[in-house]
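Reader: I would like to learn how to read a predicted structure step by step. Could we go through one together?

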Amino acid sequence: MVDRTNIDVEEVQRLVLHGFNYHRTWYLILQVESKILARAFLSNLSRNKKDTAKPEVPVIAFSGKKRSWASGEHKEKSDLSIAFTYAGMDALDLDDGLLREPLPKLANSFVQGAARRSSSLGDTRADTSRQWEPAFKSNRAHIVISIHGNDKDLIKTIVEELKKIDGWKGLSGWSNIQEGKHRGTDQNDRKEHFGFVDGISQPVIRRVHNIQEIEARRGYSIPPFMKYEAGEFLLGHPNEVRENRWREPLLSNKAAKFYGNGSFAAFRKMEQDVAAYRKFIKVTANQHAIPEKYLEAKLCGRNKDGTPLVNAVSSSADLNSFGFRGDADGRNCPIGSHIRRLNPRDDKEVIPRMRRPVIRRGIPYGKEFEEFPDQKRGLLGMFFCASLEQQFEFLMQDWVDETPIREPGANTKDPLIGNHEYNTKNYVIPVVTGKPIEVEGIAKVTRTRGMLYLFYPSRTALSMIAELDETSENFIYKKPDTAVRH
Ligand code: HEM
């Protein structure tokens, strides 16, 4: 039986379950230099309390707190999230019962780290981890603190405030910042750099999201294939196939407590070559005598304004509750398009017949192509899931390379993110009458600049990391006599 009791969402970091609507996110990629100081820092940080009069005080955001909204704006001016790599948890010296016993069995990719896994995810040639930006290379990153807000100066002040917290010197890398910024301020029109509205489709989670309230607000019902069990994203809960490996007695009491309500995430920095993308679209559209916008929509699976290529289930205003059943041969939405392969929804022939949902919290980085064509730009993608192997990696290894529906002519690579440098395949666009359009030589328009596998701990796990759990409730941070180790 799937456990139907409600989930204690106040234990879960808000970024995981709800995200934020701010225009900016800064990711600070830090290293542990002194585990004692770093733990003291974490302990002090987790004690901070929200005070709307002092928006500069860094406070970790958890779900569930009733947000106050005034004229559509958060009363809060910023929020903060925190995550750890395996190397980071090791550097903080978490005990074997939390690390070496459960993790190699249950989350081996997380243990290995993203750099070691990357070659199996299509990151070859120019994308190999050897060529990533330094902060992402071989298990160097330990802790990622993200600050979410609208005001750049406030975010800068929060970084400075973090550096006033006792113990901050136990961490280095404070200038290692990945700056994400949405391209416009309209929350309903957030385009990535190729020009598509992004962030439309998200899974809805039973027992977490108030589905009735969402449906009432949106004015349509969410189809069953967009709803998921919490265990697809949160550890310690049953997933869609009623499996829950992060619980007692499979884990010790301490490990179950630590991992419960946490989530894994792949943080992937993807550079987008807008010039190459535009050239490819122009040349290909010309070659096949089709409009550029038509070609772009057929590659993504949505029009650039986000409207789907198949009819929505409930209303035309609904951008997300459509399925593919009525479009079995892909005449509307090609089987190989980015969205159809990464979420086949109700497609009948999916191989294997298991859903692979991820929660996406992506944000663009870099300046506008029009103004600064020579600068770098792209997407800072964050993909949350309960199993990096079964979800994120499966998508990258399998469905990005070959579609979930293995029909002849459908085994093309993902046109937006596939690695088209080797084993190139034609991209097939079925048409209403006549022969399908076959696009040869898809350009490689995205490049991996770095990736991290992260664990977003629950409130309880965070206090255990900072040694505030009941086994050490008298933990009082004392400044060590010894100097900071470097
Ligand atoms: C620079 C790289 C990428 C770009 C430009 C991009 C762009 C887009 C766009 C425009 C959409 C449609 C809007 C929406 O449904 O929210 C979308 C959807 C999606 N993308 Fe990507 N994406 C990128 C990388 C990735 C990666 C690496 C993954 C791997 C997990 C991924 C997974 C998805 C998923 C799961 C959806 C939602 C599909 C659905 O539910 O309909 N994307 N992406």
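**Helices and their surroundings**

Author: In helix α13, the residues L388, Q391, F392, E393, L395, M396 and W399 are buried, where buried means that 20 or more other C-beta atoms, placed from the backbone, lie within 10 Å of the residue's own. Helices (H or I, at least four residues) and strands (E, at least two) are DSSP runs, numbered from the N terminus. This is a predicted model, in which local features need pLDDT of at least 70 and side-chain atom pairs count only at pLDDT 80 or more, while totals for chains, interfaces and linings use all residues. Residues are numbered from 1 along each chain as its sequence is written.

Reader: What covers the buried residues of α13?

Author: Cover is read from contacts, and two residues are in contact if their C-beta atoms, placed from the backbone, lie within 7 Å. For α13 the cover includes α5 (108-112), α6 (114-117), β10 (263-272), α12 (338-342), β13 (378-385) and β16 (446-456).

Reader: What does helix α13 span between its end C-alpha atoms?

Author: The expected span of a helix is 1.5 Å times one less than its number of residues. A straight helix of 12 residues would span 16 Å, whereas α13 (residues 388-399) spans only 14 Å between its end C-alpha atoms. The buried residues of α2 include I36, L37 and F41, and their cover includes β1 (24-32), β6 (171-172) and α14 (459-465).

Reader: How many helices and strands does the protein chain have?

Author: The protein chain has 14 helices and 16 strands. Its radius of gyration is 23 Å, close to the 23 Å that the globule rule gives for 486 residues, so the chain is as compact as a globular protein of that length; the radius is taken over C-alpha atoms, and the rule is 2.2 Å times the number of residues to the power 0.38. Of the 486 residues, 46% count as buried.

Reader: Which domains does the domain assignment give?

Author: Domain bounds come from an automatic or database domain assignment, which here gives domain 1 (9-68 + 75-269 + 450-472) and domain 2 (272-354 + 403-446). The contact takes 18 residues from domain 1 and 23 residues from domain 2.

Reader: Where does pLDDT stay under 50?

Author: pLDDT is the predictor's confidence in each residue, from 0 to 100. The mean for the protein chain is 90, but pLDDT stays under 50 over residues 68-73 and is below 50 over residues 469-486.

Terms used:
A residue is buried if 20 or more other C-beta atoms lie within 10 Å of its own, exposed if 12 or fewer, and partly exposed in between; C-beta atoms are placed from the backbone.
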